Amino acid sequence: MSFKTTATISSFGGKLLKLTHEAKSTSCTMALNLYLPPTTQKKIPVLFYLAGLTCTGDNGAEKGFFQSAASQKGIAIVFPDTSPRGLKIEGEDESYDFGSGAGFYLDATRAPWSSGYKMQTYITSELPSALYSAFPELDSSRVSITGHSMGGHGALTLFLKNPGMYKSVSAFAPICNPSKCPWGEKAFGGYLEGKEEWAGHDATELIKGWKGGFDALIDVGTGDNFYKQGQLLPENFRDACVESGKKGLVMRFQDVSSSFPRG
């Protein structure tokens, strides 16, 4: 699978590539950003950053601006999109928290969404396979994952469902217990065929079956309105870790409106 480079931007001694490619799992053209740092390493470790609701692959690169630290540490960053685009499914563009920009990093099982909303397969299989083939300098043996809000949910669940795929996981203001919050109830109810599938996409449920310790960092802004509204529920995840004997989680609560810029 080949990528088309639509722009190359010099950034902190490295380069930010704006890429597109045809993806089978999502049945459409997918856009993403890839930051390649200046480095003498033959193989560059990789960090996948998963963005939140309404976002594209541009938000982390243009607002989060990870490139400065990535340049210093010699880390490549992949900024994928948050959903398929333009599938012409009825209702796809009607709300900010479902459909376009809101793929929730799962593989939909309910029609018509199951025809292209396969973000789990895209992020964990199709996209990395294509990237490692097209950019051999990327080290497929040193890959980590992080994300914000819906993307934090994605980072946690994809890490937990794919033991050994990622070296580390972290999340900014993640949706930690989607089965119990309005965003998750809407997404799961629309994308998944049955409620019995929900636990398989919920970090708070998945952590209970995780084997061994769980070294991870979660950072949450307590002034975040979505935290106050009960959309994030990080305490539920923390409590599940404690109750199931998982050690290693660092959860930080910051007295700010959000631990990462939204939208």
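C181 counts as buried in this predicted model, because its relative accessibility is 0%. A disulfide is a covalent bond between the sulfur atoms of two cysteines. How many disulfides does a search of the whole structure find? The search finds zero, and C181, accordingly, is in no disulfide, with the nearest cysteine sulfur, that of C176, lying 9.6 Å away. C241 is also worth a look, since its sulfur is 9.1 Å from the closest cysteine sulfur, which again belongs to C176, and this is too far for a bond. To count as a disulfide, the two sulfur atoms would have to be within 2.5 Å. C241 is buried as well, because its relative accessible area is 2%.

Rolling a probe the size of a water molecule over the atoms shows where empty space is left. The largest pocket holds about 190 Å³ of space, and the elements that each give two or more residues to its lining are the strand β4 (44–50), the helix α2 (67–73) and the strand β6 (138–147). Which residues line this largest pocket? They are P45, V46, L47, F66, A69, A70, K73, I75, I77, R142 and S144. Sorted by class, the lining is made up of eight nonpolar residues, one polar residue and two charged residues.

Helix α2, which contributes to that lining, also contains Q67. Is Q67 buried or exposed? Q67 counts as buried, because its relative accessibility is 1%. A polar atom of the Q67 side chain lies 3.1 Å from the backbone oxygen of A61.

E94 is exposed, because its relative accessible area is 67%, whereas Q67, at 1%, is buried. If you follow the chain from E94 to T146, you pass along 52 residues, and the C-alpha atoms of the two are separated by 28 Å.

Terms used. Residues are numbered from 1 along each chain as its sequence is written. This is a predicted model: local features need pLDDT of at least 70, side-chain atom pairs count only at pLDDT 80 or more; totals for chains, interfaces and linings use all residues. Side-chain values use heavy atoms; hydrogens and water are left out. Buried means under 20% relative accessible area, exposed over 50%, partly exposed in between (1.4 Å probe, protein chains only). On a 1 Å grid over the protein atoms alone, a cavity is a set of points where a 1.4 Å probe fits but cannot get out, and a pocket is an open set with protein on both sides within 12 Å along at least five of seven lines; lining residues have an atom within 4 Å of a point. Grid points are joined across faces, edges and corners, and a volume is the space filled by probe spheres set on the points. Helices (H or I, at least four residues) and strands (E, at least two) are DSSP runs, numbered from the N terminus. Ala, Val, Leu, Ile, Met, Phe, Trp, Tyr, Cys and Pro count as nonpolar, Asp, Glu, Lys and Arg as charged, and the others, Gly among them, as polar. A polar contact is a pair of N or O atoms within 3.5 Å; within protein, one must be able to donate a hydrogen and the other to accept it, and residues adjacent in sequence count only if both atoms are side-chain atoms.
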